[in-house]
Amino acid sequence: MSKKLYIQTLGCAMNERDSEHIIAELEEKENYSLTDNPKEADLILINTCSVREKPEKKLFSEIGQYSKIKKQDAKIGICGCTASHLGDKILKRSKNVNFVLGARNVSKISQIIHKDRVAWVDIDYDDSSYVFSQKQNSNLKGMINISIGCDKKCTYCIVPHTRGNEISIPSDLILNEAKRLVDNGTKEILLLGQNVNNYGRRFSTEHKKINFTQLLHEISQIEGLERIRFTSPHPLHMDDEFITEFATNRKICKAIHMPLQSGSTAILQKMKRGYSKEWFLNRVEKMRSLMPNLSIGTDIIVGFPTESEADFLDTLDVLEKVRFDTLYSFIYSSRPHTEAASWCEDENFKGLVDEEIAKERLAILKDRHKAILQEDNAKLLHQIHSVLLESYDEENKLLEGRSDNNKLIRIHSLDNLVGKILPVRICKINGAQLMGEFI
Ligand code: 5AD
Ligand code: SF4
């Protein structure tokens, strides 16, 4: 009889992909099957995120909760970025944890589950991460890592510490994996990396050097592949060559996540982001002129050390000008091993932003974004989009899918057309929910 695995995944798409990898390894090699009930699991895994302090703090209360409800001899393992960052401190703090496996070590999962009270968290290059996991959550949509780690040193970010130096995965392996997925019915591929458009700067061994734009082009040549998405690109590396390929290649979905972080050039400099407010706006303008329906998402941090009212107004100004389709916004959270944290440790440092002010800025930003979305949503009415139909609710006869610019659209249909990509006209808008009809 198979053993049961319960896995909780926090954080980014990279973590989701790592979880898929873990699940595949355990299903194939260790006879596990997934359960969504931690009470019946033989193994409980938490795949953690450490970019902000709050989820990291919650980890220990979650371990406590699972320890109370788990089967007596069930094991608990902690994986991901907090595992990398805290390592055996997790074992010291919680006697209920059986093992700790870092974000760069996920492919060792089937070895570590047989150990007890160990932490494997080295961030050397792990050869086995070139072995793409065979499991994907969806047959229609597949994810492929194209690079691991991050070479940037944004002064607020813990990721280079938890995931290590950036290494590009050889393009021939990526292309073979993409072909394999397409042969198995995949229509849409999501390319993943901390900094996808930095692709090609470093390989661990000698490999054909191609950049991200060339990689996109080569993948798009695969027959049968319909759609390509990628996340996340860095605004700094959005050169004209990339924008032209993005705009003209019909297989590349017209949606982009473009993390702004701050609209103030002074703050961007302190964050070591490498671009200015003007550069960011210029890239947006160039893309929008070529792709009028382009959907743009972003991440913004408020309350970064020394952020003044004027800096925050610059952030609001970018929001007004770009009118982002999605916004993830955060209050700055000081993280160990980062440059910004070391400034704050100096008691003479005067740049800390008061928490109440940061909260207020976050609320202003979110409110304004919500209003913009409401205003812009109305413009979607009657637009026609190509939609990949991803699921069908038999009972309510409702198909659901995503437009190429990443809007979720529902369509009444007597037929189950899952897997097809069809043109749909948006015919009704209920708040954030879009209803469409086939044309
Ligand atoms: N504090 C707040 N937000 C952060 N992010 C990364 N590090 C921090 C931090 N120390 C945000 C950034 C990034 C997203 C994944 O998380 O906006 O793009
Ligand atoms: Fe962190 Fe910056 Fe790397 Fe993104 S680019 S993972 S924010 S260091």
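The model is predicted. The protein chain is divided into domain 1 (3–120), domain 2 (141–376) and domain 3 (383–438).

**Domains**

- Domain 1 covers residues 3–120, domain 2 covers 141–376 and domain 3 covers 383–438.
- Between domain 1 and domain 3, the C-alpha centres are 36 Å apart.

**Three-stranded sheet**

- Strands β12, β13 and β14 form an open sheet in the order β12-β13-β14, with parallel pairing.
- β12 (255–257) and β14 (326–331) are the edge strands and have a single partner strand each, so one side of each has no neighbour in the sheet.
- From one strand to the next, the twist in this sheet averages 10 degrees.

**Six-stranded sheet**

- A second open sheet contains six strands, ordered β2-β1-β3-β4-β5-β6 and paired in parallel.
- Its edges are β2 (32–34) and β6 (118–120), each of which pairs on one side only.
- The twist here averages 20 degrees from one strand to the next.
- β5 (residues 99–102) and β6 run parallel and are joined by three bridges.
- V100 has A119 in β6 as its bridge partner.

**Ligand 1**

- The residues around ligand 1 are V51, R52, Y156, Q261, D299, I301, F330, I331, Y332, S333 and R335.
- By class, this shell consists of six nonpolar, two polar and three charged residues.
- Strands β13 and β14 each contribute at least two residues to the shell.
- The side chain of Q261 places an N or O atom 2.6 Å from an oxygen atom of ligand 1.
- For D299, a polar side-chain atom lies 2.6 Å from an oxygen atom of ligand 1.
- For R52, the distance from a polar side-chain atom to an oxygen atom of ligand 1 is 2.9 Å.
- Ligand 1 taken alone exposes 400 Å², and the protein buries 87% of that.

**Ligand 2**

- Ligand 2 is surrounded by C150, K152, C154, Y156, C157, V159, P160, Q194, N195 and R273.
- This shell has six nonpolar, two polar and two charged residues.
- Y156 is listed around ligand 1 and also around ligand 2.

**Backbone geometry**

- T231 and S232 are joined by a cis peptide bond, with omega at about -10 degrees.
- S232 is in the loop between β11 (227–231) and α9 (240–248).
- H337 is not a glycine, yet has a positive phi of about 65 degrees.
- H337 is located in the loop between β14 and α13 (339–345).

Key. Residues are numbered from 1 along each chain as its sequence is written. Chains are lettered from A and ligands numbered from 1 in the order in which they are written. This is a predicted model: local features need pLDDT of at least 70, side-chain atom pairs count only at pLDDT 80 or more; totals for chains, interfaces and linings use all residues. Side-chain values use heavy atoms; hydrogens and water are left out. Two strands pair if DSSP finds at least two bridges between them. Helices (H or I, at least four residues) and strands (E, at least two) are DSSP runs, numbered from the N terminus. Axes are lines fitted to C-alpha atoms, for helices over the stretch in contact, and angles run from 0 to 180 degrees between N-to-C directions. A residue is near a molecule or strand if one of its heavy atoms lies within 4 Å of it. A polar contact is a pair of N or O atoms within 3.5 Å; within protein, one must be able to donate a hydrogen and the other to accept it, and residues adjacent in sequence count only if both atoms are side-chain atoms. Accessible areas come from the Shrake-Rupley method with a 1.4 Å probe; for residues, only the protein chains shown count as cover. Ala, Val, Leu, Ile, Met, Phe, Trp, Tyr, Cys and Pro count as nonpolar, Asp, Glu, Lys and Arg as charged, and the others, Gly among them, as polar. Domain bounds come from an automatic or database domain assignment.
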